[in-house]
Amino acid sequence: DSTADDNIRDDGQRQMGEGFLADLMDREYVTLNKLPPEVRKQMRVKFDNRPYFTSWVMFVNIVILIITLCTQSIAPIGFTDKVVSTQLLRHNLAYETVGYNQTTNFWIGPDYQSLIHLGAKYSPCMSLFFFFFFFFFFFYM
């Protein structure tokens with residue numbers, strides 16, 4: 001029966017393939033001595049693959065989100081449309097009540113006007129380029 005001290009190497013790190021989940025899934029750790037020399041050499045060489053680009057993109061996205069939430073308005077939270085009404089002063093000095101349906105957002109974030117202002121695509125304003133679609137579709141297929 002193994003203890004927690006058996007799963008720790010001399011340098012303080014736990015060995016791969018040994019531990020609670022390996023015992024739970026009835027996995028057996030293959031020692032390096034049983035593997036061919038080419039595979040042993042590949043396992044000893046460890047590369048430091050860190051996601052620098054992904055981390056940078058996530059950092060920039062979070063900064064843009066914080067700036068957007070500070071400068072733009074936050075959409076009402078919900079699953080249905082919300083009726084927003086306000087009174088406007090007309091040129092004849094009479095008040096007129098004007099209302100519109102504001103689309104709610106079940107995620108906490110900016111409203112649609114702010115997203116379009118920041119560069120999001122607004123589907124009613126997008127034109128369809130069937131010619132280009134079929135040209136590239138048939139050209140690359």
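Visitor: Is glutamate 96 buried, exposed or partly exposed?

Guide: Glutamate 96 is partly exposed, because its relative accessible area is 32%, and the partly exposed class lies between under 20% for buried and over 50% for exposed. Keep in mind that this is a predicted model.

Visitor: Which side chain does glutamate 96 meet in a salt bridge?

Guide: Its partner is arginine 90, with 3.0 Å from N to O. Side chains of opposite charge can pair when their charged atoms come close. Arginine 90 counts as partly exposed too, with 40% relative accessibility.

Visitor: How many salt bridges turn up in the whole structure?

Guide: The search finds one.

Visitor: OK, zooming out. How many helices and strands does the chain have?

Guide: There are five helices and two strands. Going along the sequence, the order is α-α-α-β-β-α-α.

Visitor: And how much of the chain is buried?

Guide: Of its 141 residues, 11% count as buried. The chain exposes about 13200 Å², and carbon and sulfur atoms supply 62% of that area.

Visitor: Where is there a nonpolar patch on the surface?

Guide: One is formed by Phe53, Trp56, Val57, Phe59, Val63 and Ile67, which together have about 630 Å² of accessible area. Tryptophan 56 sits in helix α3, residues 52-71. That tryptophan counts as exposed because its relative accessible area is 53%, and the cut-off for exposed is over 50%.

Visitor: What else is in helix α3?

Guide: Leucine 69, for one. Leucine 69 is partly exposed, at 29% relative accessibility. Its contacts beyond four places in sequence are Ile74, Gly109 and Pro110. Glycine 109 is 40 residues away from leucine 69 along the chain, yet their C-alpha atoms are separated by 7.0 Å.

Visitor: What share of contacts join residues at least 24 apart?

Guide: The figure is 37%, taken among contacts between residues at least 6 apart in sequence.

Visitor: Last thing. What is the mean pLDDT of the chain?

Guide: The mean is 76, and 68% of the residues reach 70 or more. Among the elements, α3 has the highest mean, 90, while helix α5 (residues 130-140) has the lowest, 63.

Visitor: Where does pLDDT stay under 50?

Guide: Over residues 4-8, for which the model has nine contacts beyond four places in sequence. Where pLDDT is low, the predicted coordinates should not be read in detail.

Definitions and conventions:
Residues numbered from 1 in each chain as written. Predicted model: local features only at pLDDT ≥ 70, side-chain atom pairs only at ≥ 80, totals over all residues. Heavy atoms only, no water. Patch = residues over 30% accessible without salt bridge, like charges linked within 9 Å, V, L, I, M, F, W, Y side chains within 5 Å. Areas by Shrake-Rupley, 256 points an atom, 1.4 Å probe, with all protein chains shown as cover. Salt bridge = Lys/Arg side-chain N within 4 Å of Asp/Glu carboxyl O. Helix = DSSP H or I, 4+ residues; strand = E, 2+ residues; numbered from the N terminus. Buried < 20%, exposed > 50% of the residue type's maximum accessible area, 1.4 Å probe, protein only. Contact = heavy atoms within 4.5 Å. pLDDT = per-residue confidence, 0-100.
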